[in-house]
Amino acid sequence: MIVVMQHGASEPQIQHVIERIRQLGLTEHLSRGEFRTVIGAVGDKRPEHQTILEAIDGVEQVVPIMKPYKLASREFHPVDSQVDVGGVTIGGGGVVLIAGPCAVENRQSLHTIAEAARAGGAAILRGGAFKPRTSPYSFQGLGLDGLKMLREVGDEFGMPVVTEVVAVKDVELVARYADMIQIGARNVQNFNLLSEVGMTGKPVFLKRGFATTIGEYLMSAEYVLSQGNRKLVLCERGIKTFETELRFTFDVSAVPVIKHNTHLPIFVDPSHACGRREFVTALALAGVAAGADGVMVEIHNCPEEAMCDGPQALLPEMFADLARRLADVAKAVGKELVPPGPRGRAGGKDHGERGAQIN
Ligand code: PEP
Ligand code: MN
């Protein structure tokens, strides 16, 4: 249910509604808008709850949310959400580019790739330190060493960093080094992991699973949001269909549907969707034309030596070309590419502070 407070409702009235929501065994989610306050009441609710809340002074109306996901729904939060990732705003009407290698491999190559990512126009650097691989014999990532390299290189180039976590036990560690924590397609329904990253309060980048419906995907988003963490970014990265020509099928229709159903920003990841570099640019352009708030792509200075996903990695000049063309498409849909921040430490924090802080 959404409790819509009257315009100008007083603070004691708002607090009283919150108290009553708690007494009913529900959890409140407060959203103070420019004109009025709305309070989400989420939990195992009964029909009489609506009547009780409607009778409280200062309440304008109580509206049930029809969708099974509540906090993620547009009904709860009609305007687009914005997520600040180390100083870069996602969902603010601009198009954000995230680029980097599939995996952090070594400092030198990460440095070269980050330089190319930034030069091409990426505002955020990506790179996996914990890799979810289909085979247990494949490279699993550098772990802590990879996180440290990513942090240092990101800081040097003034780029906030996003990296994946695959296990609950590593969430705290990854949260210490990352500006945004990625949950990959394979963990989209790992509900313990979703709750855990929700609890960090850090921005979360949640990929759609390749076999999850949009409805199931938004229920996964709800797990993160229900921990009180509103800093959530979604990403369409391709689904399984009967088509075998490409790695997955890029579901571009998911972009407007997700925009319609939720206020959360939505990215596209054409690299994992198609698996071949020659098609990445076309899909990226299509994603932004369909309304995506950003694009995540994999790039590599020497894809044939990449430890994973080499065939889909763009070369630096291909990435720069993609960014130029994307700027035109962004303009056509009334948006602009968000430029990288100033060089130097991303987010203006030193390693010590960052290391000590999990917020
Ligand atoms: C990735 O981004 O590195 C990745 C593994 O993506 P996905 O979870 O979409 O396969
Ligand atoms: Mn990859």
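Colleague: By class, how many nonpolar, polar and charged residues does the shell around ligand 1 have?

Modeller: For such a count, Ala, Val, Leu, Ile, Met, Phe, Trp, Tyr, Cys and Pro are taken as nonpolar, Asp, Glu, Lys and Arg as charged, and the others, Gly among them, as polar. In this structure the shell around ligand 1 has 1 nonpolar, 3 polar and 7 charged residues. Please note that this is a predicted model, in which local features need pLDDT of at least 70, side-chain atom pairs count only at pLDDT 80 or more, and totals for chains, interfaces and linings use all residues. Residues are numbered from 1 along each chain as its sequence is written, chains are lettered from A and ligands numbered from 1 in the order in which they are written, and side-chain values use heavy atoms, with hydrogens and water left out.

Colleague: Which residues surround ligand 1?

Modeller: A residue is counted as near a molecule if one of its heavy atoms lies within 4 Å of it. Here the residues around ligand 1 are Arg126, Lys131, Glu164, Gln182, Gly184, Ala185, Arg186, Lys207, Arg237, His272 and Glu298.

Colleague: Which side chain has an N or O atom 2.8 Å from an oxygen atom of ligand 1?

Modeller: A polar contact is a pair of N or O atoms within 3.5 Å; within protein, one must be able to donate a hydrogen and the other to accept it, and residues adjacent in sequence count only if both atoms are side-chain atoms. The side chain in question is that of Lys131, with an N or O atom 2.8 Å from an oxygen atom of ligand 1. For the side chain of Gln182 the corresponding value is 2.9 Å, and for that of Arg186 it is 2.9 Å.

Colleague: What percentage of the accessible area of ligand 1 does the protein cover?

Modeller: Accessible areas come from the Shrake-Rupley method with a 1.4 Å probe; for residues, only the protein chains shown count as cover. On its own, ligand 1 has 290 Å² of accessible area, and the protein covers 97% of this.

Colleague: Which protein atoms are the donors of the manganese ion (ligand 2)?

Modeller: Donors are N, O and S atoms within 2.8 Å of the metal (3.2 Å for Na, K and Ca); water is not among the atoms, so sites may look incomplete. For the manganese ion, the protein donors are Cys102 (SG), His272 (NE2), Glu298 (OE) and Asp309 (OD), at 2.0 to 2.4 Å. Along the chain they follow the spacing C-x169-H-x25-E-x10-D. Glu298 lies in strand β14 (residues 294-298) and Asp309 in the loop between β14 and α11 (316-332), so the pair ties together parts that are 11 residues apart in sequence. Such helices (H or I, at least four residues) and strands (E, at least two) are DSSP runs, numbered from the N terminus.

Colleague: Are Glu298 and Asp309 buried or exposed?

Modeller: Buried means under 20% relative accessible area, exposed over 50%, and partly exposed in between (1.4 Å probe, protein chains only). Glu298 is buried at 1%, and Asp309 is buried at 18%. Asp309 also has a positive phi of about 60°, although it is not a glycine.

Colleague: Where does Arg32 lie?

Modeller: Arg32 is in strand β2 (residues 27-32) and is partly exposed, at 47% relative accessibility. From C-alpha to C-alpha, Arg32 and Asp309 are 44 Å apart in space, and 277 residues separate them in sequence.

Colleague: Which domains does the protein chain have?

Modeller: Domain bounds come from an automatic or database domain assignment. The assignment for this chain gives domain 1 (2-63) and domain 2 (83-353), with C-alpha centres 36 Å apart. Val83 is found in strand β5 (residues 83-85) and is buried, at 1% relative accessibility. Its C-alpha atom is 7.4 Å from that of Val233, although Val83 and Val233 are 150 residues apart in sequence.
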